Amino acid sequence: MENKNAVRIQFSKNAEKYRKSRTHSDTETLNHIFNLISPRGTEKALDVGCGGGHMTAAIAKGVREVVALDVTPEMLVQTGKLAEERKLHNLSFCLADARNLPFQTKTFNVVSCRIVLHHIQEAGAAIAEMSRVLRKGGKLLIQDILGLDGKEARSYMDNIDRLRDPSHIKNYGREEWTNFLERGGLKLVYSELIPGVYTLEDWTTRSGTPSDCVYEIKTKLSNMPVNVSKYLKATHSGEDWAIQMRYILILATKK
Ligand SMILES: C[S@@+](CC[C@H](N)C(=O)[O-])C[C@H]1O[C@@H](n2cnc3c(N)ncnc32)[C@H](O)[C@@H]1O
C-alpha cells in the first residue's frame, strides 16, 4: 500500500485538470466502453479510481446506481462536480483503496477501472478484489496503458512515466493482464488495443511535472538506445514531442 501517499500527493495537486482533461473526456472511447458494457438500467455499478469522473458519468447514464471510488479525496470532489454539471443523481462516493474494497462479496453487477492500475504495484490483487465484489456473470471493464513489447523499452518508458508522475508504478504487458484475469477468476470476453498519442506539453502540464523533469524526459527521448527506439515511437516538432502509446481495453466476466 506504499504508493497510496504518492498517488494522493500527485492527484490532490492536479485534481481539477483531470476533470477538464480532453484525453479523459474523449466521448468516442467512453461511448464505445458504454456499448461494450451495454447496461440494462437495473445494475449496481462500481467505478474504481474515478478520478475526474468521466467513466463514472458515462456509466451513470445507463445503470440504476453507481459508486464512485477513489483513494484521493480531492478526486471524489471532482467527480461530484462533474455529476452536478451533468445533473446525475444516481451516484454515491467512497474513499477507499482499490486493493481493499469496503463492500461485501457479490455486491455489484458491473465494475469499471479506467486508467488507474498502472499506479498500483499489486494490480493483480486489485483485480482479484474487484472480482470478489462482482456477482457471478457480472462485468469487469478495464482500460489502461499497455506496456511496450520490448523489455528494455518497457522499463525505459516506465522511467519516463515516473519522471512525469512519481506515482506511476508500471505499464503492464499483455501477458500480465491475461494472468491477472485468470488469477482473479475472470473470463476474458473482449479485448482491444486503442492507439493514442501523448503530446508532451499537454501530458506533463496535466500532471504538473517540474521543468527539470520535462527536460530529462526530452533528453531521454532524444537519446534512446536502439532496443528502445524499436518499440518506443516518439517524434518532435519544435519544442514539443508526440509519443505513440496504446491503451488496452478489456471486458471480462466473473466466472
Ligand atoms: C487518471 S485518474 C482516473 C481517470 C478516471 N478513471 C476516468 O475515467 O476519467 C487515476 C485515479 O486513480 C486513483 N488511484 C490511484 N491508485 C489508487 C488506488 N490504489 N485505489 C483507488 N484509487 C486509486 C487516483 O487517485 C486518480 O484519481
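**Helix packing and cores**

Author: H6 passes H9 in a left-handed crossing. Keep in mind that this is a predicted model.

Reader: Thanks! At what angle do H6 and H9 pack?
Author: The angle is about 160°, and the axes of helix H6 (residues 151-164) and helix H9 (residues 211-222) are 9 Å apart. Angles over 145 degrees count as roughly antiparallel, so H6 is roughly antiparallel to H9.

Reader: Which residues meet there?
Author: From H6 there are Ile 160, Leu 163 and Arg 164, and they meet Cys 213, Glu 216, Ile 217 and Lys 220 in H9. By class, that contact has four nonpolar, three charged and no polar residues.

Reader: Switching topic: how many residues are in the largest nonpolar core?
Author: That core has 50 residues, and Val 111 is among those with the most contacts inside it, as are Leu 46 and Met 130.

Reader: Nice. What does Val 111 touch, leaving aside its neighbours within four places in sequence?
Author: Val 111 is in contact with Leu 46, Val 48, Met 130, Val 133, Leu 134 and Leu 140. There is also a second, separate core of 14 residues, including Tyr 156 and Ile 217.

Reader: Back to helices, then. Are H1 and H4 roughly parallel or antiparallel?
Author: Roughly parallel. Helix H1 (residues 4-20) and helix H4 (residues 73-85) pack at about 20°, with axes 8 Å apart. Their crossing is right-handed.

Reader: And what classes of residue make up that contact?
Author: The contact of H1 with H4 has six nonpolar, two polar and four charged residues.

Definitions and conventions:
Residues are numbered from 1 along each chain as its sequence is written. This is a predicted model: local features need pLDDT of at least 70, side-chain atom pairs count only at pLDDT 80 or more; totals for chains, interfaces and linings use all residues. Axes are lines fitted to C-alpha atoms, for helices over the stretch in contact, and angles run from 0 to 180 degrees between N-to-C directions. Helices (H or I, at least four residues) and strands (E, at least two) are DSSP runs, numbered from the N terminus. Angles under 35 degrees count as roughly parallel, over 145 as roughly antiparallel, 65 to 115 as roughly perpendicular and the rest as oblique. A crossing is left-handed if the near helix is turned anticlockwise from the far one by less than a right angle, and right-handed if clockwise. Two residues are in contact if their C-beta atoms, placed from the backbone, lie within 7 Å. Ala, Val, Leu, Ile, Met, Phe, Trp, Tyr, Cys and Pro count as nonpolar, Asp, Glu, Lys and Arg as charged, and the others, Gly among them, as polar. A nonpolar core is a set of buried Ala, Val, Leu, Ile, Met, Phe, Trp, Tyr and Cys residues joined through C-beta atoms within 7 Å. A residue is buried if 20 or more other C-beta atoms lie within 10 Å of its own, exposed if 12 or fewer, and partly exposed in between; C-beta atoms are placed from the backbone.
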